[in-house]
Amino acid sequence: MITSRWEDVIGEQGRDVVLVVHSYGGISGSAAAGPFVRSVREKQGNDGSVVAILSMTSLAIPKDTFYAAGDQGEACVVCDGEFA
């Protein structure tokens, strides 16, 4: 759902965008941005990309990260990789 709109603005229109995420949207937004970051789009020979992610009281997670709540409701992040 998120990426279908991005395909229109970034893919078809070739526009650069700044992604603004809030709260838990930082997790889904940063994960969905992967195929649309500048380095990926340039390798594909495409114009337009996510040029920045502005996080407002949210989490930024590294690429290939698993996020889940622990047994007591605490947040647990297990990661191995670089930021997207």
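Reader: Which side chain of opposite charge is nearest to Arg 41, and how far away is it?

Author: That's Glu 7, which is 5.2 Å away in this predicted model. Arg 41 is buried and has no salt bridge. A salt bridge would need a side-chain nitrogen of Lys or Arg within 4 Å of a carboxyl oxygen of Asp or Glu.

Reader: Where does Arg 41 sit?

Author: You'll find Arg 41 in helix H3.

Reader: And what does Arg 41 touch?

Author: Leaving out residues up to four places away in sequence, Arg 41 touches Ile 10, Gly 11, Pro 35, Phe 36, Asn 46, Asp 47, Gly 48 and Ser 49.

Reader: What about Ser 39, where is that one?

Author: Ser 39 is in helix H3 too. Ser 39 counts as partly exposed because its relative accessible area is 45%, and the partly exposed class runs between under 20% for buried and over 50% for exposed.

Reader: How far apart are Ser 39 and Val 50?

Author: In sequence, 11 residues; in space, 9.7 Å from C-alpha to C-alpha.

Reader: OK, new topic. Where is confidence highest, and where is it lowest?

Author: Helix H3, residues 38–43, has the highest mean pLDDT at 91. Strand S4, residues 75–78, has the lowest, with a mean of 52. Where pLDDT is low, the predicted coordinates should not be read in detail.

Reader: And what's the mean for the chain?

Author: The mean pLDDT is 76, and 67% of the residues reach 70 or more.

Reader: How many helices and strands are there?

Author: There are 3 helices and 4 strands. Starting at the N terminus, the order is α-β-α-α-β-β-β.

Reader: Switching to the surface: which residues make the nonpolar patch?

Author: Val 18, Val 20, Val 51, Leu 54 and Met 56 make a nonpolar patch of about 420 Å². Strands S1 (17–22) and S2 (50–56) are the elements that give two or more residues to the patch.

Reader: Which strand gives the largest share?

Author: S2 does, with 3 residues. Leu 54 lies in strand S2, and Leu 54 is partly exposed because its relative accessible area is 45%.

Reader: Last one: what share of the chain's residues count as buried?

Author: Of its 84 residues, 25% count as buried. The accessible surface comes to about 5800 Å², and 53% of that belongs to carbon and sulfur atoms.

Note on methods: Residues numbered from 1 in each chain as written. Predicted model: local features only at pLDDT ≥ 70, side-chain atom pairs only at ≥ 80, totals over all residues. Heavy atoms only, no water. pLDDT = per-residue confidence, 0-100. Patch = residues over 30% accessible without salt bridge, like charges linked within 9 Å, V, L, I, M, F, W, Y side chains within 5 Å. Areas by Shrake-Rupley, 256 points an atom, 1.4 Å probe, with all protein chains shown as cover. Buried < 20%, exposed > 50% of the residue type's maximum accessible area, 1.4 Å probe, protein only. Lys, Arg positive; Asp, Glu negative; His and termini not counted. Contact = heavy atoms within 4.5 Å.
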